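Here are a few exercises to work through with the structure open beside you. Try each task before you read its solution.

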Amino acid sequence: MTDQKNDTTDTLAEYSGQEAEHDIPGTELVLPDAVLPGTLYLIPVPGRPFFPAQIQPIVLDLKSWSKTLERVSKHQRPVLGLLYCGDQDPEHIDPAKLPEIGCAVRLHRAQHDNEHAQILVQGLKRFRIRRWLHTEPPYLVEVDYPESTDDKDSDEVRAYAMALINTIKELLPLNPLYSEELKQYLTHFSPNEPSQLTDFAAAITTAKAQDLQGILETVPLLRRMEKVLLLLRKEKELAELQHKISTQVNEKIESRQREFFLREQLKVIQQELGISKDDRTADADEFEKRLEGKTVPEQARKRIDEELKKISVLETGSPEYAVTRNYLDWATSMPWGVYSEDQLDLPHARQVLDKHHDGLADVKERIIEFLAVAKFKGEVSGSIILLVGPPGVGKTSIGRSIADALGRKFYRFSLGGMRDEAEIKGHRRTYIGAMPGKLVQALKEVDVANPVIMLDEIDKIGASYQGDPASALLEVLDPEQNVDFLDHYLDLRLDLSKTLFVCTANQLDTIPGPLLDRMEVIRLAGYITEEKLAIAKHHLWPRLLQRAGISKTRLKMADAAIRAVIEGFAREAGVRNLEKQLGRIVRKAAVKLLDDPALKLNIGKAEVEQFLGMPLFRPEVPARGIGIVTGLAWTSMGGATLPVECSRVHTLNRGFKLTGKLGDVMKESAEIAYSYVMANLKKFGAPEKFFDESMVHLHVPEGATPKDGPSAGVTMATALLSLARGEKPRRPLAMTGELTLTGDVLAIGGIREKVIAARRVGIRELVVPEPNRRDFEELPDYLRQGITVHFAAHYDDVFKVVFGK
């Protein structure tokens with residue numbers, strides 16, 4: 001095939017001359033469709049190939065093909081060529097990538113509007129492109145018409161023809177469209193022509209365009225019939241599957257329609273006999289029945305009665321009926337005046353708290369004190385408790401235990417990530433899908449007006465353009481305001497004053513001040529090893545065995561093994577990770593127990609590494625040396641030790657360098673410590689010009705971990721003074737406290753967590769600010785036992801403890 005651009009006028013003349021030759025009358029009778037021109041105007045078609053023996057309308061873009069249609073229509077018997085172009089743009093084709101064989105069609109009728117033209121064409125015969133005469137629209141090609149050399153009257157051809165006809169007959173009942181196409185074919189073509197029959201059979205299939213183009217390019221009749229028969233049988237299988245699916249869907253629809261009509265008839269019959277009521281009456285009666293035995297405030301009762309009157313006149317199918325019914329469903333489900341009786345029995349409360357929790361003696365005592373006041377008052381009201389502590393220390397379970405001790409119903413929802421105030425106060429009833437807030441949903445679920453509602457993760461509440469949920473909580477958590485809490489959806493006043501709110505948080509910094517001011521804070525610090533051991537023995541291990549379905553007699557774990565897990569794999573403040581590690585041991589043990597049904601496992605300390613691998617934590621040895629001092633830090637995960645290191649880099653010039661990813665507050669503490677020590681070197685027995693001639697580098701290890709806070713000043717000053725004196729601390733100890741430029745030691749927070757951190761690494765001597773003496777003395781005895789504490793009001797007190805002077 002060659003591409004060649006010629007003058008359009010010359011090619012038109014050649015085409016017209018050939019048409020004229022065909023019009024010369026001869027002595028023999030020639031059928032009009034038997035003689036076709038040697039040149040054809042071409043229209044590429046992207047969808048699927050066009051076949052001889054096919055009559056079908058085609059829609060074309062008038063702007064692109066108007067010249068082609070105009071020139072073809074000038075002839076007495078207008079003929080053009082349709083060529084499958086696949087994914088190519090019909091207006092910008094590459095002749096080298098197009099197939100050689102297409103279908104010559106006769107143009108019967110053309111209609112057009114401003115943008116499109118619709119032409120009705122009849123397939124005549126295959127053509128093969130010999131030469132491209134014009135490669136831009138209007139396309140013009142020189143063609144010939146290949147013929148099959150197979151004997152049309154042979155037995156094999158007739159057998160294939162009968163097979164094609166039988167398959168087409170089998171397709172007719174499956175889809176009525178096949179019948180229409182067959183009628184159209186029989187109207188214009190002879191059923192005795194096997195070539196036309198084969199092309200028609202291919203044209204009615206839904207095969208892929210590439211497969212159909214392959215059949216169009218197959219000129220030998222027998223091979224073509226064989227390919228088409230395969231396609232027809234695939235089409236039959238597909239049609240049978242579609243028919244089966246359609247039948248099943250219709251049967252389901254008919255069954256549902258029949259059921260619907262029967263139910264409607266049954267309703268009418270029951271109403272006529274007075275056996276049942278219509279939907280509106282039934283709904284209204286149901287809502288009235290819900291209010292029986294409830295003390296509904298006058299304002300709420302008036303609003304509910306108005307909505308009941310409205311629902312009685314609305315059509316059940318109207319959207320307004322659904323909105324009104326949903327509103328009444330919520331309004332009548334509220335526990336108006338329904339209260340559960342409190343169990344203000346202190347021994348019972350102690351028993352419940354001790355049953356559910358080991359340790360936390362100070363927290364339990366605070367809760368008992370709270371219940372004792374409620375006992376004298378006769379009710380628990382106007383109280384909002386905030387439990388603050390690291391993850392996994394039991395804040396949520398403490399809240400549930402409070403509910404159990406009081407005999408109240410419990411409801412919990414999380415505020416973490418909440419950004420829409422409508423989650424608290426409800427959506428306004430101005431659009432479809434509006435819902436009440438979480439508090440109304442809680443009251444509906446518990447069905448009493450005085451439950452214990454836990455607001456989890458209150459420190460992680462967010463804000464967005466949709467509102468500030470923290471501000472919405474101010475009304476909820478204020479005992480003076482929540483007597484008349486207004487939900488936007490119900491638009492009714494609800495009394496939340498009898499509800500006990502228990503909130504949880506990991507830290508107080510992110511809680512807005514006005515909200516924090518409304519809550520009574522109870523701190524839950526981390527657990528020491530002994531407490532974790534008791535929790536694991538009494539709660540975690542039995543619960544894991546129960547979940548796994550393993551008998552206590554087949555799998556046991558020694559106290560030493562549990563302690564090894566705590567110290568080597570789960571040093572965090574809470575016990576959540578401890579439970580995960582024990583769960584790993586249970587799963588691995590379950591595999592061994594299944595392999596040997598008679599096996600009984602008793603896990604000791606030596607077997608822990610077999611189940612969990614090498615410990616994640618090694619025993620910490622507090623660093624000691626010149627310029628090295630151990631500090632104590634508070635984190636949201638509990639307490640931690642924080643070594644501070646100082647080194648003299650060189651004596652070329654004076655300088656001070658800080659590293660360790662320190663925050664702004666901690667950098668200021670370091671600057672203050674540096675200034676204080678440098679100003680008092682003579683007083684503390686160090687060379688007066690030490691820092692004038694030294695480049696000093698202060699580093700806090702684990703540089704990838706961000707560190708900040710106002711409690712490292714004393715530690716940094718001691719490290720700098722140790723470096724200047726060239727003397728390490730006399731004994732292993734840890735310290736905490738903030739330092740001023742005058743040497744005063746200021747109070748800090750997190751004493752409990754810091755004491756736990758010191759005990760964990762084996763440090764038994766601490767330096768703590770004098771203002772924190774009360775905090776230390778309030779700690780439980782088991783935390784203070786074995787700990788020597790030096791209280792420092794001024795840095796001189798610290799110096800005496802560390803350097804013995």
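**Exercise 1.** Find out whether Asp329 is buried or exposed, and which residues surround it.

Step 1. Asp329 has a relative accessibility of 16%, and buried means under 20% relative accessible area, exposed over 50% and partly exposed in between (1.4 Å probe, protein chains only). So Asp329 counts as buried.

Step 2. Before going on, a word on what you're looking at: this is a predicted model, where local features need pLDDT of at least 70 and side-chain atom pairs count only at pLDDT 80 or more, while totals for chains, interfaces and linings use all residues. Residues are numbered from 1 along each chain as its sequence is written, and side-chain values use heavy atoms, with hydrogens and water left out.

Step 3. Asp329 sits in helix H10; helices (H or I, at least four residues) and strands (E, at least two) are DSSP runs, numbered from the N terminus. Contact means heavy atoms within 4.5 Å. Setting aside neighbours within four places in sequence, Asp329 touches Phe287, Arg290 and Lys444.

**Exercise 2.** Describe how H10 packs against helix H15.

Step 1. Helix H10 covers residues 319-333 and helix H15 covers 438-446; they pack at about 65 degrees, with axes 9 Å apart. The axes are lines fitted to C-alpha atoms, for helices over the stretch in contact, and angles run from 0 to 180 degrees between N-to-C directions.

Step 2. On the H10 side, look for Asp329, Trp330 and Ser333; on the H15 side, Val440, Gln441 and Lys444.

Step 3. Sort them by type: two are nonpolar, two polar and two charged. Here Ala, Val, Leu, Ile, Met, Phe, Trp, Tyr, Cys and Pro count as nonpolar, Asp, Glu, Lys and Arg as charged, and the others, Gly among them, as polar.

**Exercise 3.** Work out what Lys294 touches.

Step 1. Start in the loop between helix H8 (279-290) and helix H9 (298-313), where Lys294 lies.

Step 2. Beyond neighbours within four places in sequence, Lys294 is in contact with Thr332, Ser333, Met334, Trp336 and Val338.

Step 3. Zoom in on Met334: its backbone oxygen is 3.1 Å from a polar atom of the Lys294 side chain.

**Exercise 4.** Work out how helix H22 and helix H23 are arranged.

Step 1. H22 (residues 664-679) and H23 (residues 713-725) pack at about 45 degrees, with their axes 8 Å apart. That makes H22 oblique to H23; angles under 35 degrees count as roughly parallel, over 145 as roughly antiparallel, 65 to 115 as roughly perpendicular and the rest as oblique.

Step 2. From H22, the contact uses Met666, Ser669, Ala670, Ala673, Tyr674 and Val677, and from H23, Gly713, Met716, Ala717, Leu720 and Leu721.

Step 3. This contact has nine nonpolar residues, two polar and no charged ones.

Methods: Polar contact = N/O pair within 3.5 Å; in protein donor to acceptor, adjacent residues only side chain to side chain.
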